[in-house]
Amino acid sequence: MSRAIRVVQLSDTHFLEEGAEPEGGHGYDTAEAFDAVLGHLGDQSGVDLVVVTGDVADHGRAEQYRRAADSFARFDVPVNVCPGNHDLDAAFGAGIGRPGVSTSRVIHAGSWAFVFVDSSAGLMEPDESGVHIDPPGEERLHSNGRLGPREAAWLTGVCDQTTAEHVFVWLHHPPAPGLPLSHDDDYEAEWARLLRGLPGVRGLGGGHTHVPNEYEFAGRQVFVAPSLKNNFDLETREWLPPGYRSYDFGADGSVTSQVHLIDDERWPRHPFGRALHALFMGELSHAELAEIVARRTARGN
Ligand SMILES: [Fe+2]
């Protein structure tokens, strides 16, 4: 029997310009976190592919993609990247490509097809010449997932035409992650409907929530990777260190995955407060949380 395909997944790398502050505050130095991941991985000889599932840049800007792509090029193995809501389509497309760093939409490996979905594609709209472009302003940056009919039809077409036995979907927004802040009924319904017609899809791997997790949706395993910007354990109400996931894809269609968090004094597992918990529970908006943080900062505590 042929050996398993081994994949390392990073997500929500949120690269910044040199010395810039992260959007929303309370973020780690993501370049430093990236170095820590690379060090933690050590010898990459057993790894076949590295995938990065979106929110590559913190704010979709060219310099942020230059830093991200230069970092991804340091892996010894091929890297493939799909966009998230913090990635702007044109800047992402222009900024990521390097030798060894790609934005392929389908990669075949052994008996598997890895399919890279843009889970914000449904937000894009045709311009006057019919080319689909991002919505104006910051709409994409702060949106939940939306596949839209074009992306859904494309995924169905790929699954119909691939000669691979098994399909695994990589994307930014995991459907129905069980988190009020990131939950979206319409997006869940899109995936529930789509997966009914795609029996070859064995599972999905995403990010977005910054809450590492593994759960079942529509009979498939869904894996959520930690981010480099910050991570949270909602049960213990603690900040978690940055990290990544590793996967083994068996020739028989099995998928096993592990979360790796890089415990280090730079990222202590300290408790987070009521306001942040209320944000995750959908009881407070990002803007309201930002106001609370600003008031506390002004008071000097
Ligand atoms: Fe995101």
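Residues are numbered from 1 along each chain as its sequence is written, and side-chain values use heavy atoms, with hydrogens and water left out. Because the model is predicted, local features need pLDDT of at least 70 and side-chain atom pairs count only at pLDDT 80 or more, whereas totals for chains, interfaces and linings use all residues.

**Iron site**

The iron ion has as protein donors Asp55 (OD), Asn85 (OD1), His172 (NE2) and His208 (ND1), at 2.1 to 2.5 Å. Donors are N, O and S atoms within 2.8 Å of the metal (3.2 Å for Na, K and Ca); water is not among the atoms, so sites may look incomplete. Along the chain the donors follow the spacing D-x29-N-x86-H-x35-H. Asp55 lies in the loop between strand E2 (49-53) and helix H2 (62-72), and His172, 117 residues apart from it, lies in the loop between strand E9 (166-170) and helix H5 (185-196). Helices (H or I, at least four residues) and strands (E, at least two) are DSSP runs, numbered from the N terminus.

The arrangement is irregular because the four donor atoms subtend angles of 79 to 169 degrees around the iron ion. Four donors count as tetrahedral if all angles lie between 85 and 135 degrees; four count as square planar and six as octahedral if opposite donors are over 155 degrees apart and all others between 65 and 115; anything else is irregular.

Asp55 is buried at 2% relative accessibility, and His172 is buried at 0%. Buried means under 20% relative accessible area, exposed over 50%, and partly exposed in between (1.4 Å probe, protein chains only).

**Pockets**

On a 1 Å grid over the protein atoms alone, a cavity is a set of points where a 1.4 Å probe fits but cannot get out, and a pocket is an open set with protein on both sides within 12 Å along at least five of seven lines; lining residues have an atom within 4 Å of a point. Grid points are joined across faces, edges and corners, and a volume is the space filled by probe spheres set on the points.

| Pocket | Volume | Lining | Nearest the centre |
|---|---|---|---|
| Largest | about 740 Å³ | 30 residues | Glu23, His86, Leu181, Leu279, His286 |

Helix H7 (286-299) is among the elements that supply at least two residues to the lining of the largest pocket, and H7 gives the most, with four residues. In the second largest pocket, the largest share of the lining, five residues, comes from H4.

**Sheet**

Six strands form an open sheet in the order E4-E3-E2-E1-E15-E16, with mixed pairing. Strand E4 (101-102) and E16 are the edge strands, each pairing on one side only. Two strands pair if DSSP finds at least two bridges between them. E3 and E4 run parallel and are joined by two bridges; Asn80 has Ser102 as its bridge partner in E4. Strand E15 (residues 243-249) and strand E16 (residues 255-261) are antiparallel over seven bridges, with Tyr244 opposite His260. Five residues separate E15 and E16 in this hairpin, and Gly253 in the turn has a positive phi of about 95 degrees.

Most residues other than glycine have a negative phi. His14 has a positive phi of about 45 degrees and is buried at 3% relative accessibility. Phi of His210 is near 65 degrees, and His210 is buried at 10%.
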